Amino acid sequence: MKTFLVVNPRSANGQTGKRWVEISAQVGRVLGEFGHGFTSGGMDAARLARQAIDDGYECIVAVGGDGTLNEVTNGFFRDGQVINPQAALGLLPRGTGGDFRRTFGWDLELTSALERLRTEKTEPFDVGRLDFIDNDGKPATRFFANIASFGVSAVVAREVNSGSKALGGHLSFMWGTVKGLVKYTEQQVRLTLDDKPAETVSVTTVAVANGRYFGSGMFVAPDALTHDGLFDITLWSHYKLSDFVLKSKGVYNGDHVTWKGTRRFQCRTLHAESETGDVFLDVDGETPGRLPCTMTLLPGAIRLKV
């Protein structure tokens, strides 16, 4: 497949840019000729991916972390429509959190990533569409590959993104979670799933999952599949800092699904409105805005290199 790499040189704490000559040489030995472009700012990856698809590239590879993958996924769309449903999304993982790759059991090794990319094997890949209010107070649309959530997760994401991540993904997110839970106040949110009656719920976090992990390894949606045409929804209510400190292992191994404060659902659409105050969004590790929002699953919208 004609392949284009969208490269975030700041990923892996800047090592991707510093080692690009070495990385690109290895890519070339396995894939042959390929195109590439470097990101330099917000949504650059989406622009580069969109241009590559317009130029006839058949496989667009995100070289970076979950944020880069999110932006590349957005580049598969124009005016809310898929540009080329047969184009394939690939990942060469170089990020700090690495939650998307965990769903598939992929490691960080360049050689194993290139083995996936050199084959023709793809599978249908569901994409989430998020309609929301952006940070400037305007209606906006964004697509997501892994998980969109709201509540304390957005506070945590802001804490993590404002730091250096020098501690590494796991410890940075754990420390961000501690600081986020200290700052966060439980919010009342009115949820509507598909055509079911609306329900007002108390929200620590609501995770709308296509993949299974967020927050650098939190196993938030253990049964989620990226090709089943359904979101897996995990609602955490009334969780406090003491719960995280005493029972955090259950968040990382999936035991939280048995806890009193966890509820799970499946749906194709979710609408959420805050009934108490501003409730912010975390979209694949980025914080683009707040409720109200509508999330819609687009079954098999694109292909994924597996």
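**A helix and its surroundings**

Modeller: Val21 and Arg29 are exposed residues on the face of helix α2 that points away from its buried side. Exposed means over 50% relative accessible area, buried under 20% and partly exposed in between, with a 1.4 Å probe and protein chains only. The model is predicted: local features need pLDDT of at least 70 and side-chain atom pairs count only at pLDDT 80 or more, while totals for chains, interfaces and linings use all residues. Residues are numbered from 1 along each chain as its sequence is written, and side-chain values use heavy atoms, with hydrogens and water left out.

α2 covers residues 20–31, twelve in number. Helices (H or I, at least four residues) and strands (E, at least two) are DSSP runs, numbered from the N terminus. From first to last C-alpha α2 reaches 16 Å, close to the expected 16 Å at 1.5 Å a residue; the expected span is 1.5 Å times one less than the number of residues.

On the buried side of α2 are Trp20, Ile23, Ser24 and Val27. These buried residues line one face of the helix, because they fall within an arc of 95 degrees seen down its axis. The arc is that of the directions from the helix axis to the C-beta atoms. The elements they pack against are β1 (3–7), α1 (15–18), β2 (35–38), β6 (88–93) and α6 (110–118), where contact means heavy atoms within 4.5 Å.

After α2 comes Gly32, which has a positive phi, near 80 degrees. Two of the packing partners, β1 and β2, also pair with each other: they run parallel and are joined by four bridges. Two strands count as paired if DSSP finds at least two bridges between them. Within this pair, Phe38 of β2 has Val7 opposite. Phe38 and His36 make up the uncovered face of β2, whereas Gly35 and Gly37 make up the covered one.

For contrast, elsewhere in the chain there is an open sheet of five strands, ordered β14-β13-β12-β9-β16, with antiparallel pairing. Its edge strands, β14 (262–267) and β16 (281–283), each have a single partner strand, so one side of each lacks a neighbour in the sheet. β16 pairs with β9 (residues 147–151) over three bridges in the antiparallel sense, and Leu281 in β16 has Phe150 opposite.
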